[in-house]
Every structure is written in C-alpha cells, then in structure tokens.
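Hi,

Here's the structure I promised to pass on.

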Amino acid sequence: MNSPSLSDFGDLSRLDDFSFDTSTPVSKKRFKRAEQSILNACNITSEFLNDDFHDNLFSSDIPSLKTDNPSADKNEPLASPFLNVKNSFQLPPEDKEHHSELETEKLDKDDEDPLGYCQSQMVKSQSSKLLKTNNIPQNSSSSSPFTLSKSVHFSPGSTNSISDDIIQRLKHNISASPKTLLSRQAKRSSLLFALDEAQKLHEQLSQTSIGPFFGLPSKMSELLRCHKGIDELYPWQKECLVLPAVKQKRNLIYSLPTSGGKTLVAEILIMRELLCYFKDAILVLPYISLVQEKVRGLAPFAIDLDFVIEECAGIKGTIPPRKRRKRHTLYICTIEKAHSLVNSMVEAKRMDEIGLVVVDELHMIGEPGGRGAVLESLLSKVTFISKQTQIIGMSATLSNMSDLQQFLNAEIYEKDFRPIELKEYVKVDKELYELIDKHTEEWRLVRNLDFSYTKDMFCRDPDMITGLILEVIPQNSCLVFCPTKKHCENVAKMVCQFLPDSVVSHRKEDKELILKTLKEEGNGNVCEILAESFKYGIAYHHSGLTMDERKLIEEAYQNGVLCCLICTSTLAAGVNLPAKRVILRAPYVGREFITLSRYKQMIGRAGRAGIDDSGESILIIKPTDRLNVGKLLTSDMDSCQSNFITEPALLLTLILSLAGLEIANTIPDVYSFMDHTLAAIQNRKVGCTPSSIIEDTIKALLEHNLIQYDKANTEAFSITNLGKAAFRGGVDIVTVEEFLNRLSQGLNGLVLHSYLHLLYLITPTEFSTSIPFSADIFYQMYNSLTSHDIGVAERIGISERMVMLMASGRSFGKNQVILHHFYLSLILYDLWNQNSVWYVAKKYNVHRGVIQNLLNSASALASTLSNFCQELKEFWAYQLLLPDFVKQLSYCVTMELIPLMELPAVKRGRAKQLYVAGYKTLPDIAKAHPRDMVEKIVHLPYKTANQIISAAKMILMEKAEALHEEAELLMEEFDKNFSMLEIGNIL
Ligand SMILES: Nc1ncnc2c1ncn2[C@@H]1O[C@H](COP(=O)(O)OP(=O)(O)OP(=O)(O)O)[C@@H](O)[C@H]1O
Ligand SMILES: [Mg+2]
C-alpha cells in the first residue's frame with residue numbers, strides 16, 4: 001500500500017469542525033463517518049472491522065477516550081467528557097490575533113468531516129492535560145463558543161461532576177453556530193497533527209491488512225480454499241468464532257466429536273491474536289509429528305499473512321525465544337516444549353508477549369506418566385501469572401468438563417457435530433451389530449457377513465478381515481488397528497495372500513515408484529513384508545518403522561496410492577490419516593482392554609470431510625468380550641484425573657520449578673499456587689487437603705540440596721545451583737544423582753580423540769532391555785576399534801583382559817552393566833559414523849525402529865545433559881562441548897544435509913532426495929517452483945512441495961529478520977556510544 005497523500009484524507013477545506021460528541025446519536029453518526037473517512041483513506045472499509053477490532057482501534061488503543069470512572073464498562077458507548085473538551089481548547093496568545101481573519105471564513109460543520117476523529121484525538125489529549133493540571137480556563141475568551149462560560153461552576157462539593165458540566169456545556173457548543181474561529185496556524189498544526197495520526201493509523205493497519213474474515217483479511221478465504229480445500233466454515237465454526245467469550249478474550253474450552261473441524265477455529269483465533277491483537281501465541285500439540293505437520297501446513301499462511309512460525313519440538317526451538325521487533329510469532333510446541341517456553345518467558349518476565357495459548361487434545365491433561373502433569377503445570381502457571389493470556393482448549397473426548405472449566409475459569413462450548421456421519425458396528429462371529437440406544441443398550445443385527453471364503457481362507461482369516469477390507473479398497477481407504485506391532489505385520493502378510501489381482505493393478509506404477517523410493521531410503525534395503533504388501537496398496541505402520549519409512553507410507557496413503565494401513569493405536573493420535581472404513585482387530589491396546597477415549601479416537605478417523613459421504617467403524621470382538629464391550633460402548637467418556645493426585649512424586653518437579661521461577665519461595669506461596677491447579681479442584685471435590693504431601697515434597701527438595709532455606713529469612717527458600725540445573729534440564733531427583741556421577745567421571749579424563757567417550761556419556765541405559773547384549777558382536781566390535789577408542793574403553797573400566805575373558809564365556813556381575821552400557825554406545829558410534837539404521841540394525845540383530853529410537857533417546861538425553869551442565873560451573877568443559885555435539889547427534893546425517901533438516905517434517909531420506917535433486921541449501925528450495933520440484937523428486941505430492949518451499953521461505957525470512965534486527969540493535973548501540981563520545985569530547 002502506498003503512503004497516503006494529503007488528498008487521500010478528503011476535502012481539507014472542511015476541517016473546521018474539530019470534534020463531535022460521540023455520546024449523542026447524531027454525533028455517533030459523525031464519529032462513525034469520520035472513522036470511515038480515515039479508513040477510506042487507508043483503503044479499508046468499515047465492514048472489514050469486527051467489533052473487537054473496532055474496540056481495539058477506536059477505544060482501547062486511545063487512552064484519552066476512556067472514561068475515568070473505574071466502574072464503567074469499557075464496551076459502553078464513549079461518554080468521556082474529554083471527547084468534548086476540545087471546545088475548551090485554549091489558543092496560544094499569538095493565535096488569537098488571527099481570529100478576526102478566520103471569522104470571515106465559512107465554518108463548515110459538515111458531518112462528513114474526514115478528520116474529525118483525528119482532530120478530536122488531538123484536542124482530547126490536550127484538554128485532558130488541561131484538566132489534569134486543574135488549569136481549566138473559565139473566562140479566557142467569553143466571546144468564543146469554544147470556551148467554557150463563566151456560568152460553569154467547578155465547586156468540589158457540586159453534585160454534578162466537572163465532566164457532566166463540561167459535557168452539558170459542550171453539547172450546547174455543538175448545536176450552536178460558532179462565532180469565533182481558530183487561527184490559521186492552529187488549524188494548520190491541527191491538520192498536521194491529524195495527518196500524522198492518520199498516517200500512524202494507516203501504517204498500523206497496512207501492517208496487517210485486517211479484513212472481513214472474522215477480523216482477518218479476505219484473502220484468508222482464498223488461502224483456506226487453496227491450502228486446505230475449505231470453501232466455507234461450518235455453522236458451528238462461525239458460531240464459535242463470535243461467542244462472547246471469544247470476543248472478550250475469556251478462556252474457552254470447546255468440545256466436538258472427532259473430525260468436527262476444531263482445528264480451523266483455533267487457527268483462525270491464533271491468526272487474529274497475531275495480526276489483530278499484536279501478541280504472540282502458543283499452540284500446544286501432543287506429538288512431534290503433529291507439530292511438524294502443523295508447521296508445514298501453516299507455513300503458506302505465515303508467508304502470506306506475514307507472521308512467524310517457530311517449531312518447538314524435539315531439539316528445535318530457541319528457549320527463551322528471540323524477541324522479535326516487527327512480526328508476531330506462533331510457537332507450535334509439544335507439551336514439554338511449551339512448558340519450557342512458558343518457564344523461560346516467566347523467568348524473563350516476558351509473559352505479556354503471549355496473548356493466547358491454545359491446547360489441542362486438552363484431555364491429555366489426564367495422561368498418566370507425567371505428560372499430564374507437564375500440561376497441568378503449564379496451564380496453572382499461565383493462569384496464575386498471566387491473567388491477560390487467553391487459554392483455549394479443545395478436545396473430542398472430555399467427560400469431566402466441569403473440573404476443567406473451573407480449573408481454567410473458562411466458558412464451555414459443546415456441539416455434537418460431525419460433517420460426515422459415522423456408523424459404528426460391532427462384529428461378533430459372522431454378524432454385524434449396531435448399538436441403537438445407548439441408554440437401553442439395545443442392539444440391532446445389521447447384516448450377516450457372507451464372504452465367499454474357502455475353508456482354508458476361513459482357517460487362516462477367521463475374523464474375515466480380508467473380506468471387510470476388500471469391501472472398500474482399492475477405490476476407498478481402510479485402516480485396521482491391531483493390538484501389537486507383531487499383529488500388524490502378521491495381518492498385512494495374511495491379507496496379501498487372499499487379495500485378488502484386480503487390487504494389484506490399481507495405481508500399479510505409483511506403487512512401484514514408492515517401493516523404489518522406500519528402497520532408496522533404506523540404502524537398497526526394504527522390509528520383505530512391505531515389499532510384498534505395497535503391490536496390493538497395503539502397508540503396516542507402527543513404531544518399529546524408521547521415521548522415513550513412516551513418513552513415506554503416510555504420504556502415500558494420503559495420496560491414495562496406498563489404500564490400507566494395518567497399524568497400532570499410535571496412528572490414531574498422530575497425523576491426520578482418515579479412512580472410509582476403520583476396523584479394530586480386537587478391543588485391546590497391547591494387553592490392556594481398550595478405553596472409550598482410545599476407541600473414539602481410533603474410530604474417529606473414519607469418514608473424510610469433502611471425500612466420503614459417510615464413514616464406518618467395525619470393532620471385531622470374540623463372543624467372550626461381548627459383556628465388556630457392551631459396558632464400554634454404553635459408558636460415559638473417561639474422565640481425566642490430575643497426575644498430581646495419581647502420582648504425587650511429580651510434585652517434586654513442579655515445586656522445584658516454582659522455586660526456580662521465584663513464583664513460590666515460602667510454604668504459603670506454594671499453597672497459593674497449588675490452589676490454581678486441577679489437582680486442587682479435584683481434591684476439594686472429594687474433601688481432601690493434601691498438605692502433608694506438599695510439605696513432604698518441600699522437605700525432599702531440601703534434603704537433595706535442590707532448594708535451601710535463606711539464612712536471613714528461615715521461612716523462605718530459594719533454588720540452589722544444582723536445583724537450577726535440574727529445573728532447566730527438566731530432570732527428576734533420581735536422575736540428578738545419576739547425571740552427577742556420569743559427568744564427574746568424565747571430568748577426570750575425557751578421551752577426545754573421537755566422539756566415542758561423549759557418546760558413552762549420553763547413552764540411555766534403559767535400552768539394555770530392548771537391545772540384548774551379545775558377547776560375540778561386542779568382541780568383534782571391540783577388535784575393530786582404533787587404539788584411541790580402546791583407550792576410551794579402558795578409561796571407563798573395560799580392560800582388554802576383561803574382553804578376552806568375556807569372549808570365553810565369563811560373566812562379570814557388576815561390570816556387566818558397564819559392558820552393556822558400552823555396547824549401546826558402540827551402536828550409537830556406528831550411527832554417528834554415518835552408517836544407516838538398516839546397516840546397524842542388521843549388524844546388531846535388532847529391529848531398525850528400536851535402533852532409531854535409541855538414537856532419538858540419546859539425542860534427547862544429550863540435550864538434557866547439556867542444559868543441566870549450563871547451570872553448574874564445575875562442568876564448564878561440557879558447556880562448551882555439548883551444544884554442537886547435541887545438534888549433530890540429533891540430525892546424525894552428513895553435515896551438508898543439516899540445513900535441509902531444519903525444514904519441518906523433512907527427514908534424512910527427504911533431505912537426501914532434495915540434495916541429490918540439486919536443492920542443496922534453504923535458498924535453493926525457497927527459490928524453487930513446486931512444479932519443478934515435483935518433477936525432480938520421485939513421488940513428491942504438489943501440496944507437500946508447496947509446503948516445503950513455503951517453510952524454506954519462512955525460515956529464511958526469519959533468519960534475515962533476525963540479522964536485520966541484530967544489525968539495528970548494533971547501530972543503536974553504536975549511535976548511543978558515539979553520541980556519548982561526542983558529548984565527552986565536547987565536555
Ligand atoms: N469448514 C470446513 N469445511 C470442510 N472441511 C473442513 C472444514 N473444517 C475442517 N475441515 C476438515 O475436516 C477435517 C477434520 O478437521 P479437524 O482435524 O479440525 O477435526 P478435529 O475436530 O480436530 O478432529 P479430531 O478430534 O479428530 O482431532 C480436516 O481435514 C479439515 O481440513
Ligand atoms: Mg484435532
């Protein structure tokens with residue numbers, strides 16, 4: 001948008017009437033018109049303004065418009081006397097001499113005064129100054145209607161307030177025709193002021209192109225159509241976006257069935273926060289894969305609407321984040337990263353930057369094993385510390401909504417909307433049933449399954465899974481959930497034996513291409529089951545696959561090349577992979593009987609908006625499971641229970657962080673914070689007061705030297721350096737001891753000829769159970785080590801003699817633990833040396849997924865250790881060594897690929913493909929055209945190419961902006977110093 005010229009602001013000869021009273025109907029109209037004039041000048045029409053924006057722009061942003069009455073509602077029509085005090089505006093003495101000149105000019109009181117609004121701003125601010133200093137003129141120019149007459153009394157005891165008097169007098173002024181006029185100079189300066197205001201307003205608006213799409217620019221509709229294929233919002237989405245809670249920025253929880261379209265509402269609210277309210281936002285998602293998918297999906301929006309997305313998952317994301325001067329940031333985080341981010345913002349006293357926190361899958365707050373506790377800590381801190389930060393939670397599977405409502409002090413919005421109907425069936429033997437009435441538990445037999453199975457087929461596929469799959473594929477898609485990984489592979493193998501050739505011919509070439517890519521990514525290796533099942537458009541999908549395999553399979557399924565995935569329950573919570581039909585092979589997850597929320601999450605994948613007109617789920621059960629399944633399907637949704645009640649040990653980490661952030665430094669402080677937790681609400685409900693638990697926790701922290709009582713004030717405690725290290729590293733008490741041992745041993749002599757010793761330090765020993773020790777392999781590996789690396793073994797207590805004895809079958813008791821630990825380090829060392837996961841998996845005879853998990857856990861542990869060391873002076877050497885090592889380990893690819901791996905959801909395989917295709921750097925990708933990229937890279941969907949390019953642009957823009965801002969800061973610093981120097985010279 002070009003800068004406005006003078007003429008953009010309308011007819012300047014009509015500027016004589018400098019204000020209007022917005023509290024009267026006529027002047028309200030005038031105010032509106034003047035507002036419109038400015039907007040016209042800025043190429044924006046008032047229809048573009050929603051109420052929030054209007055409030056923001058014309059009320060809250062302008063302090064002088066606010067009433068002094070503290071009880072007054074800020075949304076009330078403006079009734080401030082300051083609006084009209086313009087008429088008491090006193091001309092400077094030199095201006096008075098021009099009055100007579102101006103008297104001859106016609107004062108146009110046209111309602112359409114284009115600058116009236118700005119003028120009133122000037123006058124308001126000046127007049128409010130006058131009022132503040134009690135310098136209210138009473139008779140300075142009795143002949144002027146723009147001054148207050150003598151008859152206005154300002155006695156302190158008067159029942160009418162000064163404001164009322166001024167209002168009355170000035171209302172009169174508005175209707176009276178003016179007799180005296182302001183001087184030319186005053187008019188000119190007012191004009192300039194008005195132009196300046198308009199210019200500022202224009203700049204503010206042009207930064208964000210606020211528009212008619214729920215406060216966002218109209219191009220939002222275009223972007224939604226283009227990048228998400230969404231033409232129109234569902235009625236509930238429209239309703240939700242204009243809820244009073246949304247408008248007034250109060251906390252909100254909304255709950256709809258799976259696939260109800262919850263995400264879109266959250267995304268619109270986030271973009272409004274960034275673009276209209278000019279604050280940053282945090283989006284919390286439960287899994288790294290979901291974060292990556294979301295970053296990639298929103299990258300085109302960030303480019304077009306000019307905001308920043310920062311991925312905070314795994315090792316990605318700077319904490320505390322960089323302060324940005326120009327654009328606002330959406331942090332897309334996992335639960336753990338969001339918690340670290342909020343901690344860092346609290347510590348840096350920057351919580352006012354965060355306007356909105358959105359939590360997807362809010363029911364995760366009840367997730368056992370500590371994840372729920374992290375989410376609860378995060379939300380409790382936000383509600384306790386940053387009252388102005390709005391919290392929005394969403395979920396499909398919430399039952400104890402009232403607990404969460406109280407916890408977040410939130411409004412609730414619930415709708416039973418699903419764009420695509422979902423039919424739920426239960427299969428027992430050959431019969432398919434449907435639950436008709438949940439309350440009466442009435443079931444209906446829908447049909448008998450009559451597949452033409454041979455005897456042999458029936459023997460090998462008694463649940464008739466093949467028949468059920470074949471009813472929908474290859475034209476439509478199908479997901480089959482199995483209780484375990486092994487089940488997935490077996491079902492995939494079995495189904496392929498019975499599928500007809502017609503399935504093989506469907507998209508044959510595409511399938512061959514994917515298989516080729518899969519092979520390339522595995523350095524020529526491909527799993528035999530996948531190689532066979534791909535021909536039928538089928539794949540298994542579980543955590544035993546490498547990340548690259550998973551990504552490729554997911555993309556192929558999304559494109560319709562693969563039509564059936566046989567998967568574990570992890571897929572239900574991962575990326576969005578819907579299907580026409582969802583089959584649950586058994587009502588179990590692992591060995592556990594399925595919970596209702598898990599069941600709902602899995603079947604919720606059925607029915608794709610815009611593709612299918614209906615979706616269906618089939619739960620296969622044995623007759624013996626009938627009773628339990630009946631109970632499950634007629635029960636209420638699972639309720640989520642605070643982790644701090646179910647696992648009180650988790651309080652240690654929470655209370656330590658409260659001390660670290662100086663939120664609570666005394667026992668009463670801790671109680672006061674704990675009162676804001678979900679645990680407090682749920683405890684109160686059952687009449688429980690867990691004071692002894694809290695006090696025991698504080699005692700344990702003191703005993704472990706993580707906090708200490710202050711010498712001066714024995715009531716108050718503070719965090720120790722060790723406590724800080726544990727808090728920053730996110731480490732629990734037991735692990736603190738282990739870390740100290742490991743790191744201290746390293747201090748006595750770290751062998752740095754290679755990375756082996758560092759790898760030993762960050763090896764996660766819990767993998768000893770999933771990766772068994774093999775004496776033969778160890779012996780071979782040991783013999784191939786260089787003399788330097790043998791030195792590492794010696795340093796940690798593994799002598800050559802010991803290895804020889806081990807090879808001859810001796811067991812080493814306690815030393816066996818060290819041997820096993822070193823064995824795991826050798827696996828990592830192989831990966832570090834650029835050997836593929838496939839190669840290493842074969843060499844150590846372990847599943848490739850497990851090897852990759854070992855690498856991921858090692859990299860997470862390295863990152864935790866690195867953070868831990870930052871707080872402890874004695875570990876200065878690690879402070880220097882670990883950060884780069886952590887980065888390299890986490891990517892564990894050749895260095896030249898690392899920049900490409902910065903892209904969201906780009907794994908080693910895709911990075912390699914891009915690199916080989918000539919896209920070697922981020923700028924190469926940012927400059928590319930999606931069409932060219934699709935041509936050069938086998939099996940890359942256009943949408944993905946587009947998202948990768950947008951993400952590259954986004955990262956580069958962000959880097960450029962960071963450099964630019966750094967340069968600006970340096971220049972400012974330089975200017976300051978330079979001027980100081982000059983002053984020094986002058987003096
Ligand atoms: N207004 C709309 N028109 C058409 N499709 C839509 C609309 N809103 C959302 N969708 C699509 O519906 C699908 C499901 O939406 P979404 O993922 O937001 O569901 P959800 O409510 O979050 O479900 P879940 O609880 O399973 O996460 C997505 O593919 C999304 O793009
Ligand atoms: Mg969702």
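Which residues in α20 meet which in α21? Lys511, Ile514, Leu515 and Leu518 in α20 meet Leu530, Ala531, Phe534 and Lys535 in α21 (contact means C-beta atoms, placed from the backbone, within 7 Å). The residues of that contact split into 6 nonpolar, no polar and 2 charged; Ala, Val, Leu, Ile, Met, Phe, Trp, Tyr, Cys and Pro count as nonpolar, Asp, Glu, Lys and Arg as charged, and the others, Gly among them, as polar.

Before going on: this is a predicted model, where local features need pLDDT of at least 70 and side-chain atom pairs count only at pLDDT 80 or more, while totals for chains, interfaces and linings use all residues. Residues are numbered from 1 along each chain as its sequence is written, with chains lettered from A and ligands numbered from 1 in the order in which they are written.

Back to the helix pair. The axes of α20 (residues 508-521) and α21 (residues 528-535) come within 9 Å and cross at roughly 165° (lines fitted to C-alpha atoms over the stretch in contact, angles from 0 to 180 degrees between N-to-C directions). The two are therefore roughly antiparallel, the word for angles over 145 degrees.

Now ligand 1. Among the 19 residues around ligand 1, Thr258, Gly261, Lys262, Thr263 and Ala396 come nearest (a residue counts if its C-beta atom, placed from the backbone, lies within 6 Å). Helix α11 (residues 262-275) gives the most to this shell, with 3 residues; helices are DSSP runs of H or I, at least four residues, numbered from the N terminus. The shell has 7 nonpolar, 9 polar and 3 charged residues.

Cheers

How values were computed: Angles under 35 degrees count as roughly parallel, over 145 as roughly antiparallel, 65 to 115 as roughly perpendicular and the rest as oblique. Two residues are in contact if their C-beta atoms, placed from the backbone, lie within 7 Å.
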